[in-house]
Amino acid sequence: MNDMHTVRAFQEAEAYDGCSLIIAYSHCIAHGYDLKHGLDQQKAAVQSGHWPLMRYNPDLVKQGKNPLTLDSKAPSITLDKFENNETRFSMLTHSDPEAAKRLLAMAQDEVNARWRLYEHWAAMPGSGATQEKVQ
């Protein structure tokens, strides 16, 4: 979705004196869509808030900075615009539309709450940040 985010994440992980972890969203055939649309689906994952782009660099604490950087913008599309492209999500809509509607609403609420939390953490001043890992 964002080449610069990927490069920064790898550079920070490699520069950190300790264990580093990179968690990446990757499309796959099991998601149930034509993989030629993979980059578009990755973009939708980020735009929907399903997969926010962020980095956590404990070295920033030593500089008095917040170690959490939120690289993506607030969700700009609803979660269904991401999920409905994938068979693994849309099959419930076909088999049990009421359950699908209810679960999608719950998932959208979770995306919204998680975004607000990440945004709050990323806005914290560096002096108030700790070296605890964000979960």
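This report describes the predicted model shown above, from its overall fold to a few individual residues.

## Basis and confidence

Because the model is predicted, local features are reported only where pLDDT is at least 70 and side-chain atom pairs count only at pLDDT 80 or more, while totals for chains, interfaces and linings use all residues. Residues are numbered from 1 along each chain as its sequence is written, and side-chain values use heavy atoms, with hydrogens and water left out.

The average pLDDT of the chain is 91, and 93% of the residues score at least 70, pLDDT being the predictor's confidence in each residue on a scale from 0 to 100. In the chain, helix H6 (residues 97-123) has the highest confidence, at 97, and helix H1 (residues 3-15) the lowest, at a mean of 92.

## Overall architecture

The chain has 6 helices and 2 strands, which follow the pattern α-α-β-α-β-α-α-α when read along the sequence; helices (H or I, at least four residues) and strands (E, at least two) are DSSP runs, numbered from the N terminus. The C-alpha trace spans about 50 × 30 × 25 Å along its principal axes.

Of the 135 residues of the chain, 27% count as buried, where buried means under 20% relative accessible area, exposed over 50%, and partly exposed in between, with a 1.4 Å probe and protein chains only. Among contacts (heavy atoms within 4.5 Å) between residues at least 6 apart in sequence, 66% join residues at least 24 apart.

## Packing of H5 against H6

Helices H5 and H6 pack with their axes 5 Å apart and at an angle of about 135°, the axes being lines fitted to C-alpha atoms, for helices over the stretch in contact, and the angles running from 0 to 180 degrees between N-to-C directions. The two helices are therefore oblique to each other, since angles under 35 degrees count as roughly parallel, over 145 as roughly antiparallel, 65 to 115 as roughly perpendicular and the rest as oblique. H5 contributes Leu92, Thr93, His94 and Ser95 to the contact, and H6 contributes Pro97, Ala99, Ala100 and Leu103.

By class, this contact of H5 with H6 has 5 nonpolar, 3 polar and no charged residues; Ala, Val, Leu, Ile, Met, Phe, Trp, Tyr, Cys and Pro count as nonpolar, Asp, Glu, Lys and Arg as charged, and the others, Gly among them, as polar. Elsewhere in H5 (residues 87-95) lies Ser90, which counts as buried at 13% relative accessibility and touches Glu83 and Asn84, not counting residues up to four places away in sequence.

## Two loop positions

Pro52 lies in the loop between helix H2 (38-47) and strand E1 (54-56) and is buried, with a relative accessible area of 13%. Not counting residues up to four places away in sequence, Pro52 touches Leu70, Ser72, Arg114, Trp115 and Tyr118; Leu70 is 18 residues from Pro52 in sequence and 7.7 Å from Pro52 in space, C-alpha to C-alpha.

Gly64 is placed in the loop between helix H3 (59-62) and strand E2 (68-70), and at 43% relative accessibility Gly64 counts as partly exposed. Gly64 and Phe10, which are 54 residues apart in sequence, are 22 Å apart in space, C-alpha to C-alpha.

## Cysteines

The structure holds 0 disulfides, a disulfide being a pair of cysteine sulfur atoms within 2.5 Å. Cys19 is exposed, with a relative accessible area of 74%, whereas Cys28 is partly exposed, with a relative accessible area of 31%.
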